[in-house]
2 protein chains.
Amino acid sequence: MCPHIVSAFDDDLLAVQAKISEMGGLCEELLSNALEAVENRDPKLAEEVILRDKRLDKLEFEVEELTTRIMALRQPMAQDLRVLISCLKMSATLERIGDLAKNIARRAIYLADQRPAKLSASVGRMGQRTLQQLTEVLDAYTSRDTALAVSVWRRDVEVDEIYNSLFREVVTYMMEDPRTIGLGSQFLFIAKNLERIGDHTTHIAEMVYYVVEGEPLGDDRPKGEPVSLDGVGS
Amino acid sequence: MCPHIVSAFDDDLLAVQAKISEMGGLCEELLSNALEAVENRDPKLAEEVILRDKRLDKLEFEVEELTTRIMALRQPMAQDLRVLISCLKMSATLERIGDLAKNIARRAIYLADQRPAKLSASVGRMGQRTLQQLTEVLDAYTSRDTALAVSVWRRDVEVDEIYNSLFREVVTYMMEDPRTIGLGSQFLFIAKNLERIGDHTTHIAEMVYYVVEGEPLGDDRPKGEPVSLDGVGS
């Protein structure tokens, strides 16, 4: 194989990876800021998250353009194509995570006018756990660390469990004091957005595994118990 | 250009498109059945939806394998690459729509034990509207009909508005009778899943436009009013 072409492809790939790294870092920041906006009732920070999400959309578009150009120019072989396609999937997934952080920021703006609720702490815990999972899976992606990816993938069940217990907590809270229903619904949606970020995190873990090991991660991930409302009298 | 190669590429593309058509048809069916399972409190139909969603996952995997093989074998030019990449995005989007239909089916299983609520009708209307949008955008995709795609894209605002009014309806309902909080939360999540299917529908409309016209659809889509809880006393 001609070394010139190989190195040109590697340079191209580095340019794509640089954009994806920027996307990953931005996702972490947006999620972290959105959670802070919820916790501190900070609508200004929330507005910033909403604005900065546009950069993610632009980066996803740029990754797609660049990837197509590389494929057309370099005519890469199957293995390199797989890497490029995984870049496309990665950037699409990160763009979605950004959208979910933006949704949380939107809820934060609504919550800014509300009196604090004890639910904040539970949602905050779920948020920090989700953020930690995201950070770790991005590290696994950067360092092609399948052991870390599998560990993140297995731990998603814990995020699901926190979500399920939070769901029951919110519903109980709303039943005890119907004036909190509006507020509680917002917390439910924030929790749901976090759960979806957790799902995307496991997708990234699966991608890391697939790219490195060449085979899918399998289907035996433990799933959290489905939401049950037993005992809340609904 | 060698006609043999062109026609081989076209044959390959047809094979990919056939899988995507199967995915599109399956999505419509799963959503339609999930809505029926909610409306008729039919847990057996819901279980079927959950099982049949696996086929969508498998098809998405096959589309990716096939697309990579075509790219490696045929070394297509930029325009053909763009079409193949749009196939990858389309199959990923359809797989997600299937997941959302599966989530609705899961809620249907929970609802099967519940007494009927007047909310069913509103959710049913939103569901039928979402299904109709999905059917039309899949038609637009198959026939490369940008006018239809733009029309679907513009009408997503109506699904958002139905969602917002449903949200207020559910919250009011829960406040009037706290025993309905568990049930109401399930309806909120079904509506949220439908809204997300609506979002994916607009993504498909944007893809159709981009592939046919060669430029993005723009950013001026009217958005539904953000959820407001004014007047429900929260």
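Helix α5(A) passes helix α6(A) in a left-handed crossing, a crossing being left-handed if the near helix is turned anticlockwise from the far one by less than a right angle, and right-handed if clockwise. The contact between α5(A) and α6(A), where contact means heavy atoms within 4.5 Å, comprises 17 nonpolar, six polar and seven charged residues. In this classification Ala, Val, Leu, Ile, Met, Phe, Trp, Tyr, Cys and Pro count as nonpolar, Asp, Glu, Lys and Arg as charged, and the others, Gly among them, as polar. Helix α5 spans residues 146–176 of chain A and helix α6 residues 181–213, and the two pack at an angle of about 170° with their axes 9 Å apart. Axes are lines fitted to C-alpha atoms, for helices over the stretch in contact, and angles run from 0 to 180 degrees between N-to-C directions. α5(A) and α6(A) are therefore roughly antiparallel, a term applied to angles over 145 degrees, while those under 35 count as roughly parallel, 65 to 115 as roughly perpendicular and the rest as oblique.

The model is predicted: local features need pLDDT of at least 70, side-chain atom pairs count only at pLDDT 80 or more, and totals for chains, interfaces and linings use all residues. Residues are numbered from 1 along each chain as its sequence is written, chains are lettered from A and ligands numbered from 1 in the order in which they are written, and side-chain values use heavy atoms, with hydrogens and water left out.

Chain A contains six helices and zero strands, where helices (H or I, at least four residues) and strands (E, at least two) are DSSP runs, numbered from the N terminus. The C-alpha atoms of this chain fill a box of roughly 70 × 40 × 20 Å along the principal axes. UniProt, in an unreviewed entry, places the feature "domain: PhoU" at residues 20–107 and 124–208 of chain A; UniProt positions follow the numbering used here, feature names are shortened, and annotations may be inferred rather than shown by experiment. Residues 20–107 are 93% helix and 0% strand, with the end C-alpha atoms 27 Å apart. For residues 124–208 the corresponding values are 92% helix, 0% strand and 28 Å.

Two further helix pairs were examined. Helix α2 (residues 43–74) of chain A packs with α3(A) at an angle of about 165°, their axes lying 9 Å apart, and this pair is therefore roughly antiparallel. The crossing of α2(A) and α3(A) is left-handed, and the residues of their contact divide into 19 nonpolar, three polar and nine charged.

Helix α3 (residues 78–111) and helix α4 (residues 119–142) of chain A have axes that come within 14 Å and cross at roughly 165°, which makes α3(A) roughly antiparallel to α4(A). α3(A) passes α4(A) in a left-handed crossing. Cys87(A), Met90(A), Leu94(A) and Ile97(A) of α3(A) meet Leu134(A), Leu138(A) and Tyr141(A) of α4(A), giving a contact of seven nonpolar, no polar and no charged residues.

Chain A can be laid on chain B with an RMSD of 0.0 Å by a turn of 180° and a shift of 0.0 Å along the axis, superposition being by least squares on the C-alpha atoms of residues with pLDDT of at least 70 in both copies. This is the relation of a two-fold axis. The same surface serves both copies, as 100% of the contact residues of chain A recur in chain B. Among the residues of chain A, Gln75(A) comes closest to the rotation axis, its C-alpha lying at 2.9 Å.
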